[in-house]
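Hi,

Here is the structure I promised to pass on.

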Amino acid sequence: MSRPCHGVSFGPRGGGAAARRGTALACVFAGVLVTGAATGSWPEAAGSGQPVPAAGPGPERAETLDDAGELVSRSGDRWASAYSAEEYQSVRLNLAGEYVGTGIAVISTAEGRIVVSEVHPGSPAERAGVRAGDELVTIDGVPLTGRPVTDAVSRLRGSAGPEPAPAGSTVLLGVAREDVVTTVQVERARLTARPVTVTRDEPGVTRIHVSSFVEGSGELVRAAAHSAPPEDGIVLDLRGNTGGLLTEAAAAASVFLDGGLVATYDVRGEQNALHAEPGGDTERPLVVLVDGGTMSSAEMLTGALQDRNRAVIVGTPTFGKGTVQMPDVQPDGSVAELTVGRYATPSGRTVGSEGLVPDLLVGPGEDAEERAENVLGGLAAGR
């Protein structure tokens, strides 16, 4: 049996398979559009997957559907998506925590400019001299003014064409810095995603941010929690987490639970259960931060910690996706991602389109991190 994941096909829900394929993002690719809208940052990877333009493929591609495309077009599955063999290889790379790109994350300003928000250390973009704060004016000669930020991301990745660009391909960036525009050539490379980052900006608070659940994410969460000072509480930041592998989310739950049920899910009617490993830390104060970009397996983890009374959930309602997708390889080598079931939290809750509601809602204009730290302080005082 293939490993189950939580995916989302983000595209025309009533359109044909070719249109779905053009905008589909499955498993760890799930939700880059929603995540970018929720967090304001549009990374090439770090779990967010392979962004593609908002528009579907051209008429030429729509006329030649492969086997997966035909299957998806007949399925009526709102979450289904189809991939060529080459496209699905990129999916598998991302699930393994790898991606092909330049190492740039971008944001769109209120004025519509595309600005570099982060350059990953050691990436091709850093070696080429690109810095956070630079404005991207053009990509491969195409002006970015008026274009959606997702278009810029797909051009950086090389996923705007019919097939993904390979490692070793190059992209020309028009970079504006201090009103001077220069052209910079950046070579794409196979990079390792950073799904887990740790910060400690305030005494007594360790923040563990998990962007997705690719292979190894659970162990990275465990290492981060074990390295936190014993007097610290933990903020588990799942904002913008695009989901990923169920098993990795369950491994993360094991860090904070002493065994017991994490979730149940069915695969074509066959019931399955995920359990936490025994021996997790059940004493350290724990707050989970969520938002509208928290989806799929990240919602499963949130629901487990909430149902088990292990954490206080702070933020805004989550995305709302409680279905499970699995890949089905077709005779021509193309791959269809189809919904095979739903998952439920330990109390039996399923996650509908309304998402999970936090224990403490963060209102407009409130600082979610500050609210989480205040809650954490209260939990620590009550120990």
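The accessible surface of the chain comes to about 15,400 Å², and carbon and sulfur atoms account for 50% of that. Bear in mind that this is a predicted model. Of the chain's 383 residues, 55% are buried. On the secondary structure side, I get 11 helices and 22 strands.

Now the inside. The largest nonpolar core has 40 residues, and the members that touch the most others in it are L236, F256, V262 and L305. Another core lies apart from that one: it has 19 residues, including I104, V119, A152 and V153.

Leaving out anything up to four places away in sequence, F256 touches V221, A225, I234, L236, D281, T282, L286, L305 and R310.

Two of those names, V221 and A225, bring us to helix α8, which covers residues 217-227. Which residues of α8 are buried? They are S217, G218, V221, R222, A224 and A225. Looking down the axis of α8, these buried residues fall within an arc of 165°, so they line one face of the helix. What do they pack against? Their partners are the strands β13 (196-202), β14 (205-210) and β15 (233-237), plus helix α9 (246-254). On the face of α8 turned away from the buried side you'll find E219, H226 and S227, which are exposed.

Cheers

Key: Residues are numbered from 1 along each chain as its sequence is written. This is a predicted model: local features need pLDDT of at least 70, side-chain atom pairs count only at pLDDT 80 or more; totals for chains, interfaces and linings use all residues. Side-chain values use heavy atoms; hydrogens and water are left out. A nonpolar core is a set of buried Ala, Val, Leu, Ile, Met, Phe, Trp, Tyr and Cys residues joined through side-chain atoms within 4.5 Å. Buried means under 20% relative accessible area, exposed over 50%, partly exposed in between (1.4 Å probe, protein chains only). Contact means heavy atoms within 4.5 Å. Helices (H or I, at least four residues) and strands (E, at least two) are DSSP runs, numbered from the N terminus. The arc is that of the directions from the helix axis to the C-beta atoms. Accessible areas come from the Shrake-Rupley method with a 1.4 Å probe; for residues, only the protein chains shown count as cover.
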